[in-house]
Structures are given as C-alpha cells and as structure tokens.
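Have the structure open while you read.

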Amino acid sequence: MANISFRPTSWLVVGLVMLLGIGLMASVSRAAAPITISGTVSDKGNAGLPGVTVRVKGTQTGTVTDVNGKYAIQADDAATLVFSSIGFVGQEVAVGSRTTVNVTLLDDARSLAEVVVVGYGTQRKADVTGATVTIKGEELVKQPVLTATQALQGKAAGVQIINSGQPGTAPTIRIRGTSTALAGTAVLYVVDGVLTDDITNINTADITSVDVLKDASATAIYGARGANGVIIITTKRGQSGKMTVNYTGNVGVRQPANLVTMANATEYANYVSAASGNLVNPGTTSTDWYGQILRNGIYQNHGLSVNGGTDKSTYFLSVGYFTDQGVVIDNVYKRLSLRANNDFTFSKFVKAGVSASYANGNNQIANLGPAYNDAYRAAPIIPSKVNGKYGNSSVYQNVGNPILDIENNNNLAIDNRLLGSAYLNITPVEWLTFRSEMGADWVNQNSRVYTYQFNNDTTTFIAPGGNQRNPNSNLSVGNTRSLHWTWNNLVTVNRTFGKHALTVLVGTTAEQYSLTGFNAFRKDVPAVKDLWYIGTGNANTSTNDGTGDKYSRNSYISRLNYNYNDRYLLTATLRADGSSRFPKQNRWGYFPSVGAGWLITSESFMASQRVFDLLKLRASWGRVGNDRIPSDSYTVTVQPNLAYPFGGGVATPGSAITQIKDPNLKWETTQEYDLGLEFTALSGRLTGELNYYDKTSRDLLINVKVPSVTGDADGVVLTNAASIKNQGLELTLNWRGKIIDGLTYRIGGNATLNKNTVVGLNGGQPILDGGIGANQQYTTRTDNGQPVGSFYLLQVLGVFQNADEVATYKNANGQVIQPSANPGDFKYQDTNGDGKIDDNDRVFAGSYQPKAYFGLNAGLNYKNFDLGLDLYGNVGNQVYNGKRAFRQNVLDNVEKSLAYNRWTPSNNSQTQPAANSGNLPPSSYFIESGSFIRINNVTLGYTLPANPLKKIGFSSLRIFVTGQYLLTRKKFSGFNAELPGNPTSQGIELNAYPTNQTFALGLNASL
C-alpha cells in the first residue's frame, strides 16, 4: 500500500483528452449540421401552453415554451424531441426533415403517464397506494457533495438527513423517525436491483432517479430489510440513436465556517488566574489552535459519459473522479468510479441487460478525535510550531499539541468495490413476464495506520517534558473482504378486463453475506514510507487478530395491484423472510401490507370542477421487520485461552462461557398506519401531498442486566424488551408559474412533524449512554415516555451569588443541599429532596430528535439563465455541548464568550459560572438549542446559445457557479448542530467535523 499513487491531475488530463477526442469524432461523424426547430405547444382547446419542457432526447439540450406556447431549439434531422409538462401526457416526436413541429398535449389529470419505481418493479404514480417520493437525478447532481443522499436533504418530507462535513463519509438517514435503539438503523439502498447499505461508491451524475419508500405498505415487499425505509436508486441506461457524450464537472474550494472563538492569550491568562488563584503570564504568543489545524481545501468532481445504441442493444458508459481535501490538515478523500450499463433485445420475447460499477476510494484520514479536543483545551500561550519543533502544551497542562496529534499519525484507508447486476426478461405473451436477476456487491478494504516515534525532548519539542510522546513507532494494517449476493426470480402477470386492471407479482429471493478480515500490529517499523510493512517491524511485538461473519436470507414475495376504472385502487403484499440470524424457532418472519386508494377526480361529481386535475385519497397498513443484529447474538460461544491461577500462583490455560445469550431472540417488527391526500391543481401549477402516519416498532433489542452470579462478563444480555412509537404529519407543496414572457419560476416546500416516544421497556432497565470525560459520566437515558436518547441531567437553577444563598439553600428537612459550594458555583435542583445532589436528582432535558424539520426549494429561469435555491432546517431539538463539558483542568482554555461573561462579584450572572477548573457534572448548563436554518445551496447557471456551439460539435454547453452551506442561522454556540450518532447517544458535540462552505465553478457539456 505504501507505493499506491493516486494523481488527480493525471485523471483530469485523461478525462479532458477523452472528452476532446470523442467530441472531435462525434462532430466529424454527424451526417447533418443542427438546424433550428420551432413550433407551438398547445392544449386540446388549441390554447398555447407556457412552461412546457422541450428536450432533445438523449442530450442535455432543452428549452421551455414561452407565454404563448412557442419554442425554438437546435437539433438535427435524426433527433427526437421530448415534450413534457405536469398535468399533461408527454410526447416524443421525431424531427425528420421538418423545421416546424407543432404539438398538442392531452390532459393527464391523473398523471397516468408518470412511472415511479417501487419494490421489484414500477407503477404508474397514480396507482401507488403507499407513501413514496421521487427526486430526479438532475436535481441532485447540482450540489457539490459526495453522495446523492447528501443532496437529498430538504427535498423530501419525512426524510431527515444528518450530514457530516468529513470527506468520504455518508450521512445518517432517518425516515419517519428513529425506530430502534440497538439494532441497525441504516436505510436499505437498492441500486439497480442490488441491495446494499452504502452508496459512497455511486457517482451522482450516473443517477436517473431516487425513489424513497417511506411507509410500511411500500417497504413491506422488502420484509426484513424495510423497517428503516428503502431508497431505490436507478442509474442511467443507454438510448437508441446516435452516440451522445455528456460531461458534468465542477471545481471549487471548501472553507470552515461557524467557528468557535476561543480566548486569546490575555483573556486566557485572566480566566485561569481567577480560577486557580495563581497569576498567569500571558507571554508574547497567542495561538489560535483551530486556525492551526483547519484550512481551505480544494474540491473537484468530474463525470464523463457516453450513451447510444440501436433497437437491439444500448449502452451507457461513464467515468467519474471526485476529490475532497476537507478543511482539516492532512485529510483528503479521492474516488475513481467506472460504470457500464447495457441492455440487449434479442427478440420481442427476450431481453437481457447488465449494470456494473467499479469504485476505488482512497481516504487519508486526519486524527481528528484527539486533535479537535486538544485544540479546544490547549492553552493559547503555548506556541504551535517553531522551526519544525512543536510547542509543548502537555508539559504545561497535560494536553497534547493538536498539530502533532495529526502529523504524528498517517491513517490511510483504501477500498475497491464492484457492484453490479444482470437480468433476463422473458415475455412469452404480452401479459406475462418472467424475470431472473442476480446482483453482487464485493468490497475489499485495506487500512494502514502508522504512528511515528518521538520523544518528549528538544528533538521534537521547543521545551522538553510532558507526557505527549511515543517511544516506539508502530504500524497497524488490516484487510476486510466481503461479498453480498442476491438472486431474484419473479413472475409478473398484467391483465386488463374491461374496467378492471390487475397486476400480480410472485417470486423468490435469496441472498448471502460473507466477510473475512484480519489485522496485524508491530512496533519499531522504520519511518520511511516505502518500508511500512509488518515484516520490517520488531517481531517480538507482533500481534494479530481476525474476524468473520456470514448470514443468509431466503424469501418468498407476492404483490397484488388492482385498479377499477382508474378510480379505485388496491395493493396487497405478503413477504415471508427466513434469516439465519435467529434461532430455528424464530427464523421465519411474515410481513403483510395492504393499501387502498380513491381517485376522487375520476368520479362523475367532479367532472364540472376546474380546480383539481388530480385528487387522490389513500390509506395503508403494513408490517416490516429488522434483523440487523450480530449473527451470533443467540449462539453461546466458549472463550478459549483464559488464564486460571491455581496454587503456587501458576496460571493454567482454560476456557469459559463469558457471555450469556438469549436463545429465543426474535425479529424486531414495525407496524405502521398511513393516511394520505395527493393533489394536482390549477392546470398542473400547484401540486401537494399531506400524510399522517402512526408507526410502532415492537420487540426491540436492548441490553437487560443480569445478576453477577451468572458469570456474564458485562452483566447484560441482549433480548427483545422494548417498543418505540413514531407519529407524524408530512406536508409537501410545489408551485410553478410565469412572471413575464420568458421568465418562469418555481417554489416548493416540505415540512415534517414527528413525535418519538419509548412506549414499552418491558421490565427492562433504561439505556444509559453518552459517556463524556475521563469518568465517562452518562448524559442520555432511553426510558418509557421519552424520546430515544433523551438527555438526562442535573437541572441548573442559577448561580450562587453569595455565601448566604449557599447557606439558605435547604431541603424540607432543613439540610443544606450544597454545603461545599462557593459564590459563582452552579445551584443544582434537589429533585428528590434528599438534601444532596447526585445522579438521583437528574431530570429529562429534551433530545436530539427534532419536533419538526423542513426544506424550501425555489428556482428562476430567464431565457438562458437559471437560478436555484435550497434551504433546510429543523426546530425543537437539543444538543449537548460535549467539548465544553469535557474541560477537565484548571489550565484548559475556554471560549471567548465565557472569558467575558463569567460570574464575578461585579458581574452577577445567573447563567455562567465563575472561573473554574472544569470537571462539572452533566447538567442542563451544557444543553443548547439544536434548531437551525441554512441555505444549503445556491446555483446560478447560463446555457450558451446553440448556434455558436454547433460549429464545434457541441449540442449544449452550460456554465454555472454554486455555493453550498452559504449561511447558517443557529442558536447553538458550537461548530455544527448536525451531530450524527447512535440513536441512544446522538446530539453530543465532542469532535464534530466543522461545517464547511463550498464555492465552485462548473460546466455541463453535451456532444
């Protein structure tokens, strides 16, 4: 691994050469130069339709009709024009020898032509009875982010995206709330039919659409994998016709934002002098430690694709390169991705295809954990680094130098991943289709962590001493390989009998996951990077270990879709899942669902109204499962090679059962009711959706305490003993319109209200989590009647102003509650009235789960200019300022605001304590509002006129500038109110990656 090189400039040059070469070939091969095609798009009453999208099929060339329905576009005589507009049936028209193409669009009051992706198939949007949402890939690719789900934030009601700014990381996704405590919380991704838990390997530019299945009726077809929601990703396929070439790319800079301002040397000296009673000299140095470890980083993302084909075969090929330096020194992530999607039509009865992608990820990971914590605590009077030597903060205050924390470690992770599927469709008669599809996700991950040797002397530090040293260099290497394959065999019957339309799907699915891994460690490995191999280290210090996992599932699925007269809809699903992760008696789970819909606008009594184009009422019920637990959770294993001392102090090797297991573990199950209303109104200009859901997850896995006499090492047993309820409302509204001739706009918004409650810890103990500091004092408690991971803390009533207040703060029995307190100390609530402050006085203080989250999306188009705006926010949640709570030493630094606002005899603050040595107990003092609103993205683009472009072979060319996370309004005093984490400990800011703003320049080009 030491010799691996990944040069972004080389790949960029190769990509540009390919683009120019293909462009030259494409321009030479064109049989005819583009011509101007014009015409009018009208409705059935012959009235011109404004705002209709007109696009050259297979390219990015497009325009919009004006106020009178007129348009003009560049295309050649072999092109096909695609006309589309909400509320109307789309059309495709071949140009041929014409220069004028007039089109009449028919009303599509029920949007019957729009097809959405559902589990193991597609449906007309009007026929869907579950809660789903579709986002087009062209909307997601505009943002300078790694994954499509990061760009999804704020675009779908009921979908909470918690982003991390750290390069190479995927966001945390919660669909309709948190539904588990200890089992897996990740959503299921389905990429071209392949099931996976991670999409960091997918180039967003390759995506056609993202479909989110939210309710149990929609996800029940995935059974054991559907409890946390399903996100279906469909990548681009080839289109028959001439080869087209598309490039999408942008280059920019990321910079840290919303930084916390720490006390400078003078402010620090004043604070510590007051806290310790000893005068501290501020000296001549004032180090901004965050400024030393943060930087501006370069970001770039390039995608090049070609597609085309004939009526017998089509192809889509792409290459992508992504790099993100991040905003922390020594941190960079790079990804190379390749894709090949092919479809083959052998006859009208047989069709086959493949989807294959490869990705290489290269992640140079900064040692952020200790560095960020040390940057908060390190004294500003210590110099950072002078003439190659580090300031010795540890000799002064037992805190490491943050720069050395990072530069002393070289942490490299490289993964290679192949993800693909192949299918065979056989249609012996028009109404019957058999589909067999195999998919695989293969991952090979390598890691290498090297820590340099250094001593606490003047060879490393400006001043000797302290405890920041590493007497021996060490190297740790690891490798993990996994393979997850799936095989689906499905039969679909699609028949229409008069007013009755029936679609039946039955089939089987099988899947297996296997993983093997090892790691090795040695000390005294040479510092020369080319020698970073285990064999070069000291063999006497060698340790190694290994791991493995294997599980399988076998399933039977069925679904019935019934439509009567395009008016009444019924969907019924049943899936049976067998999972090796459970004991034989509980191995099988059964997951049914039913949904019904009523197209109200199809009724005769709605015929005369002119407001609604579509009005649909739907209701559904379903049950799904969750089996994401360790594969050995129910199997009792023996721990070998344990030392047992006998007489004479001689240890004899032996074995023992150290972990008690529940042999009757069973599925976590989620049952959900959903009621929804969808509408399209005012000739397609207004669309909306309102949903109510009630979701209860039962038999959740938690750790229950057992007596020590059982011999269990950690004193807990994993068993089914909890329930969680989520109830909520979702609202989505979108409007589009015209201001003047050539100036159109769109505005849309969505909001979600969610209430999360633990409703059944069935005899189990509350889950305590969120440990902070040297003593790992817990900060969260998951208990009945509260949200998962609620903060559980001492309640601060104020600050003691004088000794009399301390002496008179008594309980009902006259006991002084805080007799050792001093003026300037916090006054804590004696909740149980026992006359002392301890853990029994803690109270619930909110949770990280928001009461509401929302998104706003707007756009403006004027002639060749386009402007887009995305906002996102959440309200009603709390976060815990863990970095402030972690302060442990009187010499630790403080935030500038505390240095000035602290309690003093002349500043009688009731919210900030006097200068202190830290180690404060977990309390409401560290709780802050997690509400925020942020401008996620602003993009301004300009599409060049077609006439100049045709001379150099381009069919379209668009340049744009984009800004990400431009402005955040928040109450939290920390870096970032988005704090991913486990359900029982999320919302604690300790080492959160800072919010970073991105400014980029981009280009979209088509040949």
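Tyr452 comes in at 27% relative accessibility, so it counts as partly exposed (buried is under 20% relative accessible area, exposed over 50%, partly exposed in between, with a 1.4 Å probe and protein chains only). This is a predicted model: local features need pLDDT of at least 70, side-chain atom pairs count only at pLDDT 80 or more, and totals for chains, interfaces and linings use all residues. Residues are numbered from 1 along each chain as its sequence is written, and side-chain values use heavy atoms, leaving out hydrogens and water.

Which way do Tyr452 and Trp532 pair up? They sit edge-to-face, 5.9 Å centre to centre with 70° between the planes (ring centres of Phe, Tyr and Trp, its six-membered ring, must lie within 6.5 Å; planes under 30 degrees apart are stacked, over 60 edge-to-face, the rest tilted). Tyr452 is in the loop between β25 and β26 (474–497) and Trp532 in the loop between β27 and β28, so the pair ties together parts 80 residues apart in sequence. Strands here are DSSP runs (E, at least two residues), numbered from the N terminus. Trp532 itself is buried, at 2% relative accessible area.

The structure holds 27 aromatic pairs. Tyr450 and Trp532 make a stacked one, at 4.2 Å centre to centre and 15° between the planes. Tyr450 belongs to strand β25 (residues 432–451), 82 residues from Trp532, and Tyr450 is buried at 1% relative accessibility.

Elsewhere, ring pairs join Phe791, Phe826, Tyr828, Tyr880, Tyr925 and Phe926 into a cluster.

Terms used:
Helix = DSSP H or I, 4+ residues; strand = E, 2+ residues; numbered from the N terminus.
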